[in-house]
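Please keep the sequence and the model in view while reading.

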Amino acid sequence: MLNTLWLIPILPFAGFLLNGLFGKRLGKGFVTAVALLASLGAAVAGTIAVVQYHAAYPTGGLHLNLVYNWIASGSIGADISFQLDPLSVVMLMVVTWVGFLIHLYSVGYMAHEDGYGRYFAYLNLFLAEMLVLILGSSYLLMFVGWEGVGLCSYLLIGFYYQTDYAPAAGKKAFIVNRIGDFGFLVAMFLMFAYFGSVDFAKVSSIAAAGGVEHWLLTAICLLLFLGAVGKSAQIPLYVWLPDAMAGPTPVSALIHAATMVTAGVYMVVRSNALFRLAPGAMMVVALIGALTALFAATIGIRQWDIKKVLAYSTVSQLGFMFIGVGVGAFTAGIFHLITHAFFKACLFLGSGSVIHAMSGEQDMRKMGGLKSKIPITYWTFAIATYAIAGFPPFAGFFSKDEILASALNNPYFPKPFSWLIWSLGTVAAFCTAYYMYRLVYLTFFGNFRGTHEQEHHLHESPASMTIPLIILAALSAVGGALLGWPHHHFLAAWLKPIFPEIGGAPEAQYEISPNIEYALMLVSSAIAVIGWWIARTRFRDRGLEADDQFARNMPAVARGMENKWYVDEAYGATIVRPLEGLSQFLWRGIDALIDGTLAIVGYIVAAIGDLLRFFQTGNVRNYALMFFLGVIVFIWVLA
Amino acid sequence: MNYILSITLWLPVAAAVILLFFPKTAASAIKGFGLLASLATFVASLGILNGFHEGVAGLQLTESLAWIPQWGIRYALGVDGISLWLILLTTLLTPVVFLSSWNTIHKHPKEYVIAFLIMEAAMIGVFVASDLLLFYVFFELTLLPMYLVIGVWGGANRIYAAIKFFLFTIAGSLLMLLGIIYLAFAHFHDTGVLTFTITELYGTTLAPHAQVLLFFAFALAFAIKVPLFPLHTWLPDAHVEAPTGGSIILAGVMLKMGTYGFLRFVLPFFPDATAKYAGLLIALAVIGIVYGALVAWVQPDMKKLVAYSSVSHLGFCVLGIFALNQTSIEGSILQMVNHGLSTGALFLCVGVIYERRHTRLLADYGGLAKTMPVFATFFIIAMLSSVGLPGLNGFIGEFLILAGSFQTWPRATIVAATGVILAAIYLLWLIQRVFFGPITKEENKNVREIAWNEVVALVPLVVLMVWIGVRPNVFLRKMTPSVQQLLQIVHKTDAGKAMIAGVGRRVSGVGDQNRPHEAMLRPPTPDPRLPLSGGVR
């Protein structure tokens, strides 16, 4: 398997081709079998590869599998080449297995939808591209997967293509991501120009060897981070992700929560050798992460669409991951990426199960009291909520606590800056607990507020949907303790080899005195409990009343939150519409001006022509004279 | 002596002559024969590919006969890494045109087929001619059939568009003719030999001011053809009025005669002026990239949208050429082919729906993915190729152009790279407007799905998009020696040396890993880490 790593992405790609070409004719049974086998095949093949990798590289080296030389032109060269190292292993396991669970879930969720074959074809393609992204051994191959998952995201957000909103949301996602990709591209141009390569190993070793000028490293890091900001939905490019909820819910779980949107975090960790040498860039990462974490959380507080709450929560949690990698706690960032994949996939799939039960309804104002009607969904959802809110000993507690503790104690930044990041993160964590329990109480407690017909149809989802929920809930419960128990940190030990030694840069190690460590854990736990308690008193028994009261007391704030602080509107007014106006001006103004000018030139030429007609006498002797004069002039010019 | 170039060149002409004897009414037989002839030409051009030696830099498969000996004009042909793929693009797109217009041309089918066959021969002639005057004859000869195609089979405003097309292009090329004659006389003045053979004219010493004048005479002709901002305004009109086949050939091949001209004549004949004025051309190219993309975005007419997108895409090609390094020029040549495939496919697709709905206005569409799912798939693939999605051809070309140009012109390249964002904006808008959303117009509910002939025309284009995207080296390695040789000429000049030194200054960011600066502009030494598997470079 180790020398055929390319098989791992090829399997789902074959599934994409089969279902894309023949899915419609061969029916649902065929589509289901192909899609599930393809994704399971990738997961099994990946696991075998990981086992073999661990046997071959017990200390965690870099395994390369060159497939062929892809591009060679002038000084630019790149291979199709896949790699396994501790980081790729982690991503591979998360992506393939969570991916498979969501494929399984989709079988039940999409059973009655049109375009079943199309859906699974796209989903398999997504898996293939995501695997290229995490297994590719160079920035360029990563970029192939990076844009490929973007394409799948575009296609799947716009899955319900006969609506107006879904294709528009897909287009927005693609375009906003392209802004980020522009940064990624320019970063690669810089690497080619100054390092002569975009291979991870080569770039890392050049940077780690020292001597690379500071501005260059900072520029590359910031440009790469621009790519991450697009893909991982951070300020100011986060606006596409909430709209992306227009896609089917399992897509939101897989692409817009568990895997694709975390690619930016993966990229920063992959580039840790560069970032550690560019503390200025790291400050930007941490600050953007912290601001996004808090900003998105405030919007999540006052959304009524169950998926929108989860979408803003995803933006916010991604912000936490960037706090982690930004303060140099790369392991903590990846740790949160993993636990988030568990609990957020569980939450999204759970919301899908709720929506399924509610006959397509997504508005929490129409829900309530679902706890007893869909118990498996409720319990799994509750466990995942404990995890995201940061209750010990659920998964999110360990990862989030580690991020916040590292933010406060990082060796890179001045103290006040560390405090700022920590405070923003802590407030965001509080908001997280609050809006998540608001969601739980509005959805599962109180009285049912929907129509009679909806109430009549309420039902628990089929096993293909509940089994993934149960597995993910179990992982959300124990995954954190298993992977990252403080001081017995499996993940930290596992990932250690991916951080090359760098002369002159601080080690990514954090020495915290035990007292502070316990105090911070206590703060984290307290935050979660307080958030939960406030939500409980406001929403458990009184339903929507508390929200109405809030709107009455602070109308401006409530309206701002509800309307996502008018960011979309601001972008429209300051960027989109001026650009459109400019384009119209170029077309109707400049193009017409050019045409007009050339027409005038044309008239002048025609007028000269009229003048010259004077010489066209039809007299051969005159022509001969002109010819003779012409030749003399010509020779004179030449000589 | 190998006559494969002449065979490829004259096959369509012979077919056109035979077609003269077909009765006007036998439409199917005429179209069938035309298709067959163009396919035979394509097969012949595969013979060129087969006979092409990869490691050779200069012209290959050459033929040379005296044509007008007293003036030193020869019938001289040859092919190298710069022209090879453009010849194949021409011979590929002509059968595609015949296939796609199988059911759409009812007016004068015989003249239509003959016009395209003559056009094909003329375009092949442009790419294989190695005598300046022979080139000029073919260059001008392409105008006539295209003028007729637009003027006879075009849309409502076809006469205006045809004349505008004709006047623009001929205005440029007449100046070039003067330049050609001057060049030949200058060579005559030096050596006493009157010749128009390109290889002999290379290295003609020109007075600096003369070189500058000639540079602009040639550059103007090619810039109009490309078209380079601000000389592009003929293109949208010509495309909008041209029939589908005309648009495919116009965008697919004819625009490349401009970029090809830069590479074949402007760079090697006037290297000093090239190095000196590269900045001007790059500025215009970059403006064109952004300008074309922005204007494309606000077009209500989808054919105009694709036409303006060509202005943007060809801007990339010109940027790559005048960035004057190995990567950017190889990328530029590849992008010429890519643009022929993707824009050819886009125009074909636009023609498919125009044929069914008789409107080009975006506002008249919406929701067609429901009624034409197979067609939608093809259209989206063509769009993705054009937008530069990795895995397809467009990405390779754009990436090489930008990554290469960045080494010599970093700031201009960054501006150009925003074209990548803008392309997504206007192309996704096009797709959304045509295919997605609810069907709001009654006429869109029962649109006929794509027909077999259209599928057969599109499939080879899609196959090539994937092939170039996955295995670009197959295409790139045939260009390398010719591009290297071309660059040696330019880099030998004083201005070229200054340019390389400029790159050296820019590359001071790295300490020990600092590679020799001039290496940036040369092909790399093979990386010993990489086993060269399966004969792939």
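The contact between the two chains (heavy atoms within 4.5 Å) takes 81 residues from chain B and 67 residues from chain A. This is a predicted model, in which local features need pLDDT of at least 70 and side-chain atom pairs count only at pLDDT 80 or more, while totals for chains, interfaces and linings use all residues. Residues are numbered from 1 along each chain as its sequence is written, chains are lettered from A and ligands numbered from 1 in the order in which they are written, and side-chain values use heavy atoms, with hydrogens and water left out.

Between chain B and chain A an area of about 6,500 Å² is buried, and carbon and sulfur atoms give 68% of this area. Buried area here is the accessible area (1.4 Å probe) that two parts lose on being put together, summed over both. More than any other three residues, B:Phe399, B:Phe406 and B:Leu428 contribute to what chain B buries against chain A, supplying 9% of that area.

Polar interactions also cross the interface of chain B and chain A. The rule finds 22 residue pairs in polar contact there, both residues at pLDDT 80 or more; a polar contact is a pair of N or O atoms within 3.5 Å, where within protein one must be able to donate a hydrogen and the other to accept it, and residues adjacent in sequence count only if both atoms are side-chain atoms. On the side of chain B that touches chain A, helix 18 (residues 410-435) gives the most, with 13 residues; helices are DSSP runs of H or I with at least four residues, numbered from the N terminus. One salt bridge is found across this interface, the term denoting a side-chain nitrogen of Lys or Arg within 4 Å of a carboxyl oxygen of Asp or Glu. A:Asp595 and B:Lys164 meet through their side chains in a salt bridge at 2.6 Å, N to O.

In chain A, a cis peptide bond with omega of about 5° joins A:Pro392 and A:Pro393, and A:Pro393 is found in the loop between helix 15 (375-389) and helix 16 (395-408). In chain B, the peptide bond from B:Val226 to B:Pro227 is cis, with omega near -10°; B:Pro227 lies in the loop between helix 9 (208-225) and helix 10 (234-241).

A:Lys564, a residue other than glycine, has a positive phi near 55° and is found in the loop between helix 23 (555-562) and helix 24 (567-612) of chain A.

Terms used: Helices (H or I, at least four residues) and strands (E, at least two) are DSSP runs, numbered from the N terminus.
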